[in-house]
Amino acid sequence: MSKSGDLKFHLAGAICRDCLNETSLSAERCLVCGSPRLLKHPERDVLSIAHIDCDAFYATVEKRDNPELFDKPVIIGGGKRGVVSTCCYIARTYGVRSAMPTFQAKKLCPDAVWIAPDMKKYAEVGRHVRQMMFELTPLVEPVSIDEAFLDLSGTEALHKASVALSLVKFAKRIETEVGISVSVGLSYCKFLAKIASDFDKPRGFSILGQAEAVEFLRDKSVGLIFGVGKVAQERLAKDGFKLIGDVQIADESRLLKLYGNEGLRLYRLAHGQDTRKVSIERETKSVSAETTFFDDISKHADLLPLVLKLSERVALRLKKAKLSGRTVTLKLKGADFKTQTRAKNLHEPTQLSTRIFAAAREALSQSPERPYRLVGVGMSDLREAAEADHGDLADVGLAREKATESAVDRLRAKFGEGAVVKGWGFKG
Amino acid sequence: MKVTLERSALLKSLGHVHRVVERRNTIPILSNVLISAENGQLALKATDLDLEISGSVAADVAQAGATTVPAHTLYEIVRKLADGAQVTLEISGDAGQMLIRSGRSRFNLQALSEGDFPKLSAGDLTHHFTLGAADLKKLIEKTQFAISNEETRYYLNGIYLHTLDVGGKTMLRAVATDGHRLARVELAAPAGASGMPGIILPKKAVAEIQKLIEAPDSEVFVELSTTKARFTFGAVVLTTKLIDGTFPDYGRVIPANNEKRLIVDRASFRAAVDRVATISSERGRAVKLSLGDGKLVLSVTNPESGSAMEEVEVDYDAAPIDIGFNARYLLDISDQLEGDTALLKLSDAASPTIVLDREGAAALYVLMPMRV
């Protein structure tokens, strides 16, 4: 993907990603070890924003722990009505994708080995990887359990190596020390680093330089821009924006008129301009819990106990994270896979499951009774725990509700979740 | 339809009804006022589907009939006509327009068929009683300021009107709260009110009722059910839907054991609060009340602009206490009180405080403190 001609930067050599030696730029294979995995790019030594993504994370961890699975298609997920959480690259050759419903994946790849997710294990591996990232730079912005942005500018002296070499070493260390593989994208901004890391997965390392950014983006779909989902993509296509190149040649003011600030954002990103910094603290924006049913559920009365349980789970997570929220969202996915959400604002932030449930219940009562396959409860507009549940003159029951909930929480912490079952959740 | 009447009589009646009409309407007929002429009367009616006001005025009806025309436009036209002029409203051959004639002025207004005008059917109004206009005015005025505008708790967007037994006497009570302050006013319940359902009168209806009370010595006929209420002020009738919700059990937040009693001169207290609050940049800033023996120190500290303090002589002999309140709320309540002195009953810096004219006063206010 590197572009010859018009090179503004000095020519660094190629780095062998296997033996870490510098090799001549013109070589097709490493002159030392013979590996074809050479990293070369004219801007190699001026770029410092990286996106690191673990390859088929859950599946790779399972394969690491059970070498027999090495050459088998492995799918993490399952249950009669669940979805594919992660699938290994072998399973992907059958067309299996993450978030695909179980039945569909089973049809595509009947021989796959299904493994129920072991989140505890993955979290631990994720922490290990994160720890090693912090050895590269303090500027690590986790995106999820298995991916993060890193800003490595100014770390050359510390590591006595160029940024690219440090990252190559890092990827190699992950393989030997953790036993999984990662893909690295290196660029000058987060947007392109993320695109680059996705480029030649698994075990990839791609560099996207500033000089080639605009041309590189030209023939890509607008869907490549983060935040542009299916619906936005349809709307953009209607206005003639199918490729990022269409946005590039558009007038900035037209985009502003059509889409407001979002139009400006699209315009800038289409030109490879992304000024977002790699920030250490990634704010939690929402806390949610959802569940997919074994059989479709239509009746509100049958959904309510599940909504209660999810509300309690969300409340517990908020309490653990010392957070509270002001907006409760109920999510329902129909048997037709169409998702609808309904949000309710509260008069003040809360951590209480009773308040979350009351809002979710109201939202449910406004939803039609038809077959659903999934229900979710989410909390957003998050605040500090200290801002929650102060109560006021119009909130007469609060003190009691708080006392009850904290008693229930204590009982459950001591005797398990089943120690207290509320009326809505009680099955006789 | 052809009807003639005096401009000021028409203007007054239109003035009562046209305010109900929202400035922006997606349903065209809701912008209109219903006009019907019959039996020597011109009747007017306007609605926003939640609230309906109708009025009637004596007129010279040459030909009975009805139509609807844009309310605000008609009001503006009539307002601008010469005082004392005669106005004729007429629908001639073309039913799509109404002709307004007065002196040398002629207006043609686009009309919509009266048959499409929505009716706010009141249904069965189960309870009725007569209330002195002054009493109704008091119930509304003393509580109106505390009505909440917050939409998440829609049941607070009005005045809660209900009866209850206080020491063997049936009282009619009005309560409003936005969570930060609460206003409660009561008076002896008129005959017929006893046993009425508790109702929440929406804010917009409250504002209109207040404007319709003209002569304090007149009487207002009140009819209500669990879903609607109707107030009759002579020829003007207001019908409103009620807020469908449960008003909080406010009795539980009115403290019964606030032992610290503070008596202040109302006017000087209000003026002092107003002065020190100048320093606060926003309305939300707290005024700190530091109470010691016979002395109240009001202070405001605003890190951006500076600080202010003022000492007020008061009647206070309980333990010293520091407590903060929103300056705006203190001013609002001071304005509602009527006596020369005000009585504040406090507990501690985190608990609600009671404000009233004197022990046993008809109006009682509860105020949440702010952290200072």
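Modeller: A network of salt bridges links A:Glu62, A:Arg64, A:Asp65 and A:Lys121, where a salt bridge means a side-chain nitrogen of Lys or Arg within 4 Å of a carboxyl oxygen of Asp or Glu. Side chains of opposite charge can pair when their charged atoms come close. Please keep in mind that this is a predicted model, in which local features need pLDDT of at least 70 and side-chain atom pairs count only at pLDDT 80 or more, while totals for chains, interfaces and linings use all residues. Residues are numbered from 1 along each chain as its sequence is written, chains are lettered from A and ligands numbered from 1 in the order in which they are written, and side-chain values use heavy atoms, with hydrogens and water left out.

Over all chains, a search of the whole structure finds 50 salt bridges. One of them joins A:Asp336 to A:Arg370, with the closest N and O atoms 3.8 Å apart. This pair links distant parts of the chain, 34 residues apart: A:Asp336 sits in the loop between strand E13 (323-334) and strand E14 (339-350) of chain A, and A:Arg370 in the loop between helix H14 (353-365) and strand E15 (372-384) of chain A. Helices (H or I, at least four residues) and strands (E, at least two) are DSSP runs, numbered from the N terminus. A:Asp336 is partly exposed at 45% relative accessible area, and A:Arg370 is partly exposed at 26%; buried means under 20% relative accessible area, exposed over 50%, and partly exposed in between, with a 1.4 Å probe and protein chains only.

Another salt bridge brings together A:Arg383 and A:Asp381, at 3.1 Å from N to O. Here A:Arg383 has a relative accessibility of 25% and counts as partly exposed, as does A:Asp381 with 35%.

In chain B, B:Glu90 forms a salt bridge with B:Arg101, and their closest N and O atoms are 3.0 Å apart. Because B:Glu90 lies in strand E7 (residues 86-90) of chain B and B:Arg101 in strand E8 (residues 97-102) of chain B, the pair ties together parts that are eleven residues apart in sequence. B:Glu90 counts as buried, at 16% relative accessibility, whereas B:Arg101 is partly exposed, with a relative accessible area of 29%.
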